[in-house]
Amino acid sequence: MRKVAIIGVYQTKHVLRRTDVNLFGLVNEAARGALEDAGIEPRDVEAVVVGNAPETFEGINQPEAWLASAVFAQGKPLFRIHTGGTVGGSTGIGGFYLVASGAADIALAVTFEKLSEGEPQYSLSACYDPFWGRDFAAGAPALAALQATEYMARHPSVKEEHFDLVAFKNRNNAVDNPRAHLRQKLSLEDIRNSPYVVSPLRIHHCCPTSDGAAAIVFAEAGRAKNLCKRPAWIKGVSTTAEGAWYPGVDIVTVKALRQAAKKVYSTAGITDPWKDIDLVELYDAFASQELIWLEAMGFAEDGKAPHLIEEGITLRDGKLPVNVSGGVISSNPIGASGMIRQVEAAQQVMQKAGPIQIDGVKTALAHAWGGWVQFHALMLMSAEEG
Amino acid sequence: MAVDTPVYIAGYYISPHGVRHDTVHDLIYEIAKGALQHAGLQQEKIDALIHTNYDWLDGKGISSLHVVDGLGGNLKEESKVSDDGIYSLFYATLRIRTGLARCVLVAGYAMSSESEPRLFNNLAFDPFYQRPLELDDHIGAAVLAEALVDKSWRTPETGYQLLKALRERGAGNATAHEKKVPSYEEYERSPAVAGFLRQMDLPPDSDGGVALVVCTAEFAEEHGLRPVASIKGFGASTHTHYLGHRLQNILGSFQKACEKALASAECSREKVDFVEFSEPCTYMIGPLLEISGFSSPGKGIEDFLKGSLTVNPSGGNTCAHPTGTAGLLRVAEAVKRLDNAPDGTCALAHGWSGPLMQLNAAVVLEKVS
């Protein structure tokens with residue numbers, strides 16, 4: 001397998017509604033931005049992969065067809081990955097495979113969502129089975145609330161206050177991130193007193209709906225070293241799925257993410273994630289999920305993740321900064337959100353994170369979640385070629 | 001893309017096509033189980049599942065959420081690739097070439113009868129300038145045919161000859177949707193749809209699916225599998241979306257995909273024993289032969305009718321067309337023929353997606369003796 005590195009990244013400013021561009025313009029901004037960041041021209045890109053979440057969000061079928069010129073794909077292989085909320089992560093991983101396999105020396109991966117052009121919760125409710133689930137479907141918060149409730153029931157030491165602390169950390173991290181959507185400085189009281197969306201999740205525990213796009217340029221080793229002073233080298237990837245209807249599905253002890261982490265650590269030669277990983281960007285669409293995902297990734301035993309936030313370990317100046325960008329609860333253009341985690345992680349490794357740069361980050365882990373609680377994508381990257 | 005790490009197809013399954021009266025879950029389980037059984041492999045041995053279908057046809061957002069179980073993807077590496085299943089095969093090949101996967105199940109399906117393909121196809125056109133014109137895949141086929149088929153061929157007699165030739169192939173294909181060879185009178189009574197195209201000139205909307213087991217040589221040997229075909233070369237290319245930008249070469253991406261596939265396989269056209277094209281209508285067989293270089297300009301339809309090259313021995317899209325995975329079906333039909341027919345060792349198969357064949361992919365396959 002060829003070595004692959006990220007040499008250019010871009011994410012748009014995420015907002016509730018981009019009125020200055022249509023979807024084509026939004027996607028083109030991300031693609032152009034990533035190429036400029038990599039210092040290359042559209043002609044240097046040999047293959048393109050794009051991704052977004054359900055097409056029902058924008059009401060456009062086969063969006064890669066309309067957007068082909070926006071991502072400079074004319075005359076090149078172009079395909080679209082579609083894995084629900086994970087898609088930002090799995091599309092980035094698609095870009096990795098294009099280069100790692102030798103199909104391209106330089107590949108562009110672009111993801112996007114313009115949620116202001118549709119009604120996201122209606123679209124998400126349409127993901128439920130038409131016979132058995134749709135009558136009581138209520139978008140994504142109800143699913144996350146069910147997961148959070150089960151998490152607390154199984155581990156009585158987990159309290160709503162822990163979700164408050166996670167939200168307080170991430171929402172205030174976003175204040176310093178110029179690309180984040182929600183940058184309002186919040187007190188713990190603001191969060192504790194915010195109304196419930198679905199108990200136990202309050203509005204400040206929940207992600208917004210955003211317009212935004214992200215793009216990454218991947219290159220093989222020779223080109224990466226020529227084009228980029230400090231690329232982010234990909235050390236391991238996984239896109240693991242779990243059947244939604246499979247017997248034994250556990251929405252708290254998430255098998256798919258555990259397996260994905262095991263695979264990525266094994267590929268990268270990591271035996272102790274605490275020792276070898278400096279920073280995590282994970283898909284916290286709801287505050288409770290940061291704790292659940294960290295346990296699945298091996299950073300805490302089952303039910304013990306709350307101590308990470310209680311003790312300040314996951315704060316930006318803690319031992320393991322988590323979501324210093326503000327995470328998904330601060331910006332959520334759904335189809336791009338997984339790739340934004342990869343972009344943020346890469347920028348930390350490349351020392352290009354600007355006002356939210358953490359000193360000394362050499363290895364970072366980016367995560368994405370999608371589907372029921374069943375799709376998980378992980379990408380581990382390092383400053384060292386190895 | 002040169003496929004320098006040998007990639008083999010060690011199992012395949014093609015469901016019967018037509019209007020099904022069972023559920024999508026029955027269909028996906030049937031194709032996954034069928035391909036694994038054909039390969040002689042248990043589900044736990046596969047490393048990854050790469051699959052394709054349309055959310056719009058399934059009537060569900062993130063429809064992959066519901067099919068991962070039935071397709072054998074539980075706790076496997078998995079991705080859904082849109083919009084023709086041939087791109088799933090492309091992505092599976094990438095994964096195998098890295099060594100991070102050794103065996104991938106590739107699957108594609110459609111339950112076209114549960115939806116309205118024309119309506120959802122219209123949604124693939126630019127929402128501002130093209131969608132209001134009510135363009136769809138049938139009108140797209142007519143635009144292509146009007147642009148590329150010489151007027152001298154646009155006669156009911158030629159149309160019937162093309163249909164008859166393809167339907168005769170379909171009649172011999174147990175999994176085809178359209179197997180009946182209509183009379184000329186029946187063809188004449190077929191309603192006009194768009195341009196000079198009649199309903200019978202266009203592919204049916206089929207329910208059906210296909211799955212392939214793709215693996216490395218070492219994996220096949222370790223598990224006692226019998227590789228049927230090897231993937232020798234892959235080509236893919238994309239055209240612009242707007243039709244006005246394509247006037248110079250309306251099927252430039254199809255041409256480039258075929259050229260790339262042949263070049264990467266280091267295969268001349270003379271070595272190709274048969275082709276499986278994903279034709280948007282019967283008349284387009286001619287232009288596809290010409291643009292891909294298998295026929296001289298203006299000779300495609302004549303060559304097809306004379307049988308100069310074996311084209312779409314399965315009956316092509318004209319006889320079975322599961323929307324969104326017709327290209328993968330063409331690949332599977334080519335593999336089936338390489339496996340069973342005595343007269344072919346090398347094939348080219350093609351698939352496309354997007355309005356008016358905007359995105360194209362082609363694969364060169366070689367029989368494993």
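By salt bridge I mean a side-chain nitrogen of Lys or Arg within 4 Å of a carboxyl oxygen of Asp or Glu. On that criterion, a search of the whole structure returns 38 salt bridges over all chains.

This is a predicted model, in which local features need pLDDT of at least 70 and side-chain atom pairs count only at pLDDT 80 or more, while totals for chains, interfaces and linings use all residues. Residues are numbered from 1 along each chain as its sequence is written, chains are lettered from A and ligands numbered from 1 in the order in which they are written, and side-chain values use heavy atoms, leaving out hydrogens and water.

Let me begin with Arg154(A) and Asp250(A), whose side chains form a salt bridge at 2.9 Å, N to O. This pair links distant parts of the chain, 96 residues apart: Arg154(A) belongs to helix H5, and Asp250(A) to the loop between E8 and helix H9. Helices (H or I, at least four residues) and strands (E, at least two) are DSSP runs, numbered from the N terminus. Asp250(A) is buried at 18% relative accessible area, whereas Arg154(A) is partly exposed at 33%. Buried means under 20%, exposed over 50%, and partly exposed in between, with a 1.4 Å probe and protein chains only.

A network of salt bridges also links Glu55(A), Glu64(A), Arg80(A) and Asp83(B).

Finally, Thr239(A) lies in strand E8, residues 232-241 of chain A. Thr239(A) counts as buried because its relative accessibility is 4%.
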